[in-house]
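Reader: Could you walk me through this structure, one feature at a time?

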Amino acid sequence: MTARLSLYEKAEQELYKLDRSVKGTFYDFCHRFRQNPDHPGLDLKPLKGDGRVYRAKIDQSYRALLAKIGVDGAGHEKWLVVAVRHRKHVYEELSVAINRITGEIEFVDLSVVGRSVLKRAGMTLTPAEQPEAADAPETTPTAPGTAEPATTEPAAPEAEPLLAGLTSEHLRELGVAEQLIGLALAVTESGELDDLVSGAPLLTKDILYGLAAGLSLDEVRKEITAPVEIELGETERQDLNAALARTTVTTIDDALKDILEEGDFRAWKIFLHPAQAKLVDRRYSGPFRVSGGPGTGKTIVALHRVKHLAEALPPGHSRPILLTTFTKNLTTDLRARLASLLEPEQLARVDITHIDQLAARVLNENTLSGAGKQRIYDSVALNTLRQVLLELDEKRWDAEFLYEEWEQVIVGQSLGTRKAYFDARRAGRGRSVNRPDRAQIWKILEQFTTRLDKESRETWGQAAERAARFEMQRAAKIEQRQEYKDEIGGKDLIHRDDSSGMYYLGHRYKHVVVDEAQDLRPAHWKMLRAMVAPGEDDMFIAGDTHQRIYDQQVTLGTVGVNIRGRAARLTLSYRTTREILNRAMEVVNPRSAQITFDDLDDGIDTLDGYRSVLRGPAPELAPCDSWDDELSRLATTLQSWREELVAGGADGKPRDPRGNIAVCVADREAVNQVMYYLATEAGLTVAELTKEGAKGDGDIHVGTMHRFKGLEYQRLAIVGARDGVIPRASVVQRYRDTEPQRLAREELKARSLLFVAATRARDTLRISWHGKPSPYLPR
């Protein structure tokens, strides 16, 4: 009888860590198993525990552990590969069950649990196959891996259980795997918990980490359990065949070789945590927003949402899905990730572009050839405004204030007349202006915009506002056309299309997905809202206002994007260790100050309950005597990090330092100084982070804090984190006495920038300074 094979998530993760030769042997094993699972060479045998769990021979050294699921409609046996192990690490007591909350198949493996936890629970493990004599242990455990007591009484716990006050029933109701409940209640310290959850199903892992982090039962139930809970009848709780359809698995077919070669990235793109997966697959009645701190998986959720939408599209060649973000380098990263996630024909249905590029496309479509304006950056426009003020001999208003007034109030609110400006709200601007002030400001800025027009130039903010107006006009025509169609009962409208010069008039997209939403301008949101018809699954928005590093304050409801009642917050970080996270949290949530962040609407966003599932060394805070001393000590640290990576980790395998080590600085000038010193004095190879990504193939990436947005590195050094730089002394001096509200906004932006930089580190973080440290650094 032939068989159909699927690969359980944990088995796939184990395969990534094995040598290439073992992966190839496993692929050959799968081919033989599919042809005939009863082939004598496979030596398929049931284990002593769960009668549905078998072991089969991959080669002389490795074994596959499989669960027999049932038979499909064509008569093929259905098997699930649940683990791939060296024969010395195959244990008898393994089990397969259906989770009572999610209805998914769970495989529980006690062999990865720490010995101290097993000892206190009175459990030992029995290998299914004895090792060679040279490797045999001095004593062989006799009690199977069940809850039966061992031959001697277990030692009393040395400390209070980590989950003291909780009962088996509490954990059972939340969805912890049955076989791990007793062990979880026996854990006494966080290291043991790490051992326990390393082999646990994802839901169990999230629940136990949440409880250990201090969340209440109600909070865990609301944030982790409730989003993934489904109703299951008694029969469904026993039906492995039905549970397999609800479980994340990889079908084993001829594409498996390519999958295995993708390594850990494959694991990243396939295995969403339960709460994340529910956000991806849900149907929404309108715009939906997902928020959460760094590393909680917002971007991953957004990419999987695109995948979900693309797979549901009818056949065609159009691109009805837009994936957009704020900067070019982030767009490049999103495209690379999505290309590995989607099939080529599905990827071709997604328009991946950064928001300014999208606005430029709209303007090019609506402008005669050769008549477009040159788009300039804010720094260039600010110099033009300074020149205008110099010519007018205007000394009352400084150029920075006027430019921000123009950018955030006049352009931001699309104010086309002086009267509109007189009536406009200036929330958050800090410095108040009366009616005569507004008249003078309007007159100056009129001359400024006239100068830009004369030079045939415009800022990206102006471009966004013009593009929004074009798209809003298009949306109005679509609405009028639909109203007319409804009025005449759906009769032919070709004559109306002809009269407008268009053969087809419709919204550009069916679905819009936005990443790093907190950095978009109001005009960007107006443009996006007009590009997609309001309705089901129209907009999916991912962002975190704690990471807002550009001065864009937007209330989505005022630009037509209504997310009220449609939002979710992710609280578990899967990238940054809890030690780094705790330090970074003190930057944006200090005990000494009352700081609030908006939720892109009328509410307040918080990082309450935000925690990490990873552990690592405490961040190093390194005061230095001078800039030269800071550079010298930085070079020593980087050389040490590089040597450690090349030497290999606990598994002895060397790591490529490229893309794993980075240096983050506060300004562009410091980037040049750091790169020059590391290359000439320390002999290290460096690559600069630019808008296009890393420029060059040097081992050490160096860039400003802004360039690190959306990236991550195994080891990260932040240098020059001193007072006067973070925040800028010039900014503090400018606004301290005249505009306290504006100063508070600038300081909030500087805090967010440091927060973003610190949370780019995955395992190791070092922050250095000379002179007085930044006041935002944790004491």
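Author: Gladly; we will take confidence, a sheet, a serine and some backbone details in turn.

Author: This is a predicted model, in which local features need pLDDT of at least 70 and side-chain atom pairs count only at pLDDT 80 or more, while totals for chains, interfaces and linings use all residues. Residues are numbered from 1 along each chain as its sequence is written, and side-chain values use heavy atoms, with hydrogens and water left out.

Reader: Where in the chain is confidence lowest, and where highest?

Author: pLDDT is the predictor's confidence in each residue, from 0 to 100. The chain averages 83, and 86% of the residues score at least 70. Helix 22 (residues 494-499) has the lowest confidence, with a mean of 49, and strand 14 (residues 511-514) the highest, at 98. Helices (H or I, at least four residues) and strands (E, at least two) are DSSP runs, numbered from the N terminus. Over residues 130-157 pLDDT stays under 50, and the model has 37 contacts there beyond four places in sequence; contact means heavy atoms within 4.5 Å.

Reader: In what order do the six strands of the open sheet run?

Author: Strands of a sheet pair through backbone hydrogen bonds, either parallel or antiparallel. Here, two strands pair if DSSP finds at least two bridges between them. The order is 11-10-14-15-9-16, with parallel pairing. From one strand to the next, the twist averages 15 degrees.

Reader: What packs on the sheet?

Author: Helix 12 (residues 274-281) does, touching strand 9, strand 15 (539-542) and strand 16. Its direction makes about 155 degrees with that of strand 16; axes are lines fitted to C-alpha atoms, for helices over the stretch in contact, and angles run from 0 to 180 degrees between N-to-C directions. Strand 9 (residues 288-292) joins strand 16 through four parallel bridges, and G292 stands opposite L570 in strand 16.

Reader: Is S752 buried or exposed?

Author: Buried means under 20% relative accessible area, exposed over 50%, and partly exposed in between (1.4 Å probe, protein chains only). S752, in helix 28 (residues 740-758), counts as buried because its relative accessibility is 1%. Beyond four places in sequence, its contacts include T545, H546 and F597.

Reader: Which residues does a cis peptide bond join?

Author: I726 and P727, with omega at about 0 degrees. P727 sits in the loop between strand 26 (713-718) and helix 27 (729-735).
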